[in-house]
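The sequence and the structure come next.

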Amino acid sequence: MDTRHEQDFTALYRAHHPAVEAYVRRRLSDAEDCDDVVAEVFLTAWRRLDEVPRAAVLPWLYATARRILANTHRAERRRRMLAETAAQQRQSLTRDPAEDIAGAQAVAMAFDSLSDSDREVLRLALWEELPARHAAIVIGCTTA
């Protein structure tokens, strides 16, 4: 790189780094993330120095920071969603199917131990999803 490019960038950095850093810090709580975003803003400015409008350097830097922040937020949401998905899959993979079978057997045994009329009440309420007053009509008794 020529020294003129370096001098222009150094002047831009010295003049605007505090403002860009404050802009980013007000929008991010994590100091490391903030440092990364600010570094990315100035890396972009270095790479595109010829495109930075001399009359509006700070607004250009803010706009660049805004886009980088948006990308950072999207990436963080994706990381959280991926972590949640992985945690859910881990739970389903570590679940013992024997527990489901044992639970189903316990329910079946309890159901079988009920009287015929009690089993019918549960079937009507749970399987047929009838309200109590309709189940009472089917069985031929009062709601109580």
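## The positive patch

Arg77 lies in helix H3, which covers residues 57-94; helices here are DSSP runs of H or I with at least four residues, numbered from the N terminus. The model is predicted, so local features need pLDDT of at least 70 and side-chain atom pairs count only at pLDDT 80 or more, while totals for chains, interfaces and linings use all residues. Residues are numbered from 1 along each chain as its sequence is written, and side-chain values use heavy atoms, with hydrogens and water left out.

Together with Arg74, Arg78 and Arg80, Arg77 forms a positive surface patch. Patches are made of residues with over 30% relative accessible area and no salt bridge, with like charges joined within 9 Å and nonpolar side chains (Val, Leu, Ile, Met, Phe, Trp, Tyr) within 5 Å; a salt bridge would be a side-chain nitrogen of Lys or Arg within 4 Å of a carboxyl oxygen of Asp or Glu. Arg77 has a relative accessible area of 42% and is therefore partly exposed, a class that lies between buried (under 20%) and exposed (over 50%), with a 1.4 Å probe and protein chains only.

A patch of negative charge on the surface gathers Asp30, Glu32, Asp33, Asp36 and Glu40. Of these residues, Asp30 sits in the loop between helix H1 (3-25) and helix H2 (31-47), and Asp30 counts as partly exposed because its relative accessibility is 36%.

In the loop between H2 and H3 is Glu51, which is also partly exposed, at 48% relative accessibility. The C-alpha atom of Glu51 is separated by 64 Å from that of Glu99, although the two residues are 48 apart along the chain.

## Helix H5 and what follows

Helix H5 (residues 116-127) has 12 residues and reaches 15 Å from its first C-alpha to its last, close to the 16 Å expected at 1.5 Å a residue; the expected span is 1.5 Å times one less than the number of residues. After H5 comes Glu129, with a positive phi near 55 degrees. Most residues other than glycine have a negative phi. Glu129 belongs to the loop between H5 and helix H6 (132-139) and, at 65% relative accessibility, counts as exposed.

Val121, Val138 and Ile139 make a nonpolar surface patch of about 220 Å², with accessible areas taken from the Shrake-Rupley method.

Key
Areas by Shrake-Rupley, 256 points an atom, 1.4 Å probe, with all protein chains shown as cover. Lys, Arg positive; Asp, Glu negative; His and termini not counted. Charge placed at Lys NZ, Arg CZ, Asp CG, Glu CD. Helix = DSSP H or I, 4+ residues; strand = E, 2+ residues; numbered from the N terminus.
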